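Thanks for coming. I will walk through one model today, starting with its strands and ending with its pockets.

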Amino acid sequence: CRRFGHGWMNVDPQSNQLVPLGTGPVVRGASGTIIVGGLEENEAYEFTCCERGANGGVGPYSDPVAIKTASRPQQVSNLKVTEITDEAVLITWTNHPSLQNLLLKVRKRQLNEEWFNVDAKSSKLVLCGEGRAPSAESQKIHLQELDPETEYELISRGGNEIGWSAATEPIVFTTQPKAAGKTLKVKCDSSNRTSTVLSWEGVEPAAFSVAVRGKKKDSNEWQSVDGAKNRLVESSDTWSIPTTQTTVTIKKLDEGSQYEFSGRVLYKEGWSSWGEVVTVTTL
């Protein structure tokens with residue numbers, strides 16, 4: 001074995017380490033497995049072997065096999081909690097090349113309850129040991145179905161094929177009080193290949209405005225409906241629609257796709273919770 005740019009060394013089958021060329025015992029047997037330890041992380045190596053006969057003769061070496069060792073996972077950086085509502089938050093982080101997945105754990109802080117995992121598939125809390133870890137590359141997840149006006153804490157560990165990094169310092173956040181007023185129930189009036197028309201009714205006179213959000217059914221990332229441009233935009237921007245407006249057309253949708261939409265209402269006390277989800281299929 002050798003590290004690229006360095007000289008060849010032998011693999012010692014007893015210590016499972018690299019030793020100077022010409023030293024160490026040979027590997028006996030026609031076939032087998034050996035674990036090689038003590039390699040440098042994030043380095044490229046070449047391995048080759050040859051047969052040694054009973055009389056001490058040495059055959060030709062095989063073609064080298066190249067491998068690259070992995071790096072230890074770095075600690076998760078820039079972990080943040082934003083867009084806090086009465087039942088959901090947005091968790092974001094910065095990706096690192098050494099990371100493949102994130103282990104996100106949340107618990108109620110005041111009661112010192114047990115930790116729960118954040119499941120990437122449902123965007124909800126599940127029991128430890130269950131659920132799917134979010135991809136580090138995604139860099140965000142909307143955590144849903146939290147309790148209103150509750151203090152939580154969040155920690156995270158980055159992982160790859162080697163293992164998990166050290167946990168981050170806990171981030172403490174408090175969900176908003178329970179949303180005010182009657183929510184908004186939207187319905188689909190019509191749809192075609194790339195657009196749909198949604199409508200609603202029964203908005204109370206005390207309401208200031210309404211908002212509608214949407215996403216592809218197989219996605220966890222909600223987007224806001226921009227009523228002026230008639231399209232979906234990033235959810236970090238809340239686009240309000242006047243209460244005098246009771247319909248909105250959403251364009252630039254993908255053909256033959258399923259979307260989900262829901263709405264909410266803004267009152268003096270704040271936003272209502274999101275209403276019932278309606279599913280729309282483009283043609």
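Predicted model: local features only at pLDDT ≥ 70, side-chain atom pairs only at ≥ 80, totals over all residues.

Residues are numbered from 1 along each chain as its sequence is written, and side-chain values use heavy atoms, with hydrogens and water left out.

First, the sheets. Strands here are DSSP runs of E with at least two residues, numbered from the N terminus. Two strands pair if DSSP finds at least two bridges between them. In general, strands of a sheet pair through backbone hydrogen bonds, either parallel or antiparallel.

Strand β4, residues 44–47, pairs with β5 over four bridges. Within that pair, Ala44 stands opposite Lys68 in β5.

Another open sheet of three strands runs β14-β15-β20, again with antiparallel pairing. From one strand to the next, the twist averages 25°; the angle is taken between N-to-C directions, from 0 to 180 degrees, of lines fitted to C-alpha atoms. Strand β15, residues 196–199, and β20 are joined by four bridges in the antiparallel sense, and Leu198 stands opposite Val248 in β20.

Next, the hairpin. Strand β9 (residues 116–119) and strand β10 (residues 124–127) are antiparallel, with four bridges. Asp119 has Lys124 in β10 as its bridge partner. Four residues lie between the two strands, and Ser123 in the turn has a positive phi of about 60°.

Two loop residues also have positive phi. Gln139 lies in the loop between β10 and β11 (140–143), and its phi is near 65°, although Gln139 is not a glycine. Glu149 belongs to the loop between β11 and β12 (151–159), with a positive phi of about 50°, and is not a glycine either. Are these residues buried, partly exposed or exposed? By relative accessible area, buried means under 20%, exposed over 50%, and partly exposed in between, with a 1.4 Å probe and protein chains only. Gln139, at 35%, is partly exposed, while Glu149, at 58%, is exposed.

Last, the pockets. A pocket is an open set of points, on a 1 Å grid over the protein atoms alone, where a 1.4 Å probe fits, with protein on both sides within 12 Å along at least five of seven lines; lining residues have an atom within 4 Å of a point. Volume is the space filled by probe spheres set on the points, which are joined across faces, edges and corners.

The largest pocket has a volume of about 1100 Å³. Its lining has 32 residues, with Val26, Val27, Thr48, Cys49 and Cys50 nearest the centre. Strand β2 (residues 9–12) supplies the largest share of that lining, three residues.

The second largest pocket holds about 620 Å³. Of its 30 lining residues, Ala88, His142, Arg213, Trp222 and Trp274 lie nearest the centre. β16 gives the most to this lining, with four residues.
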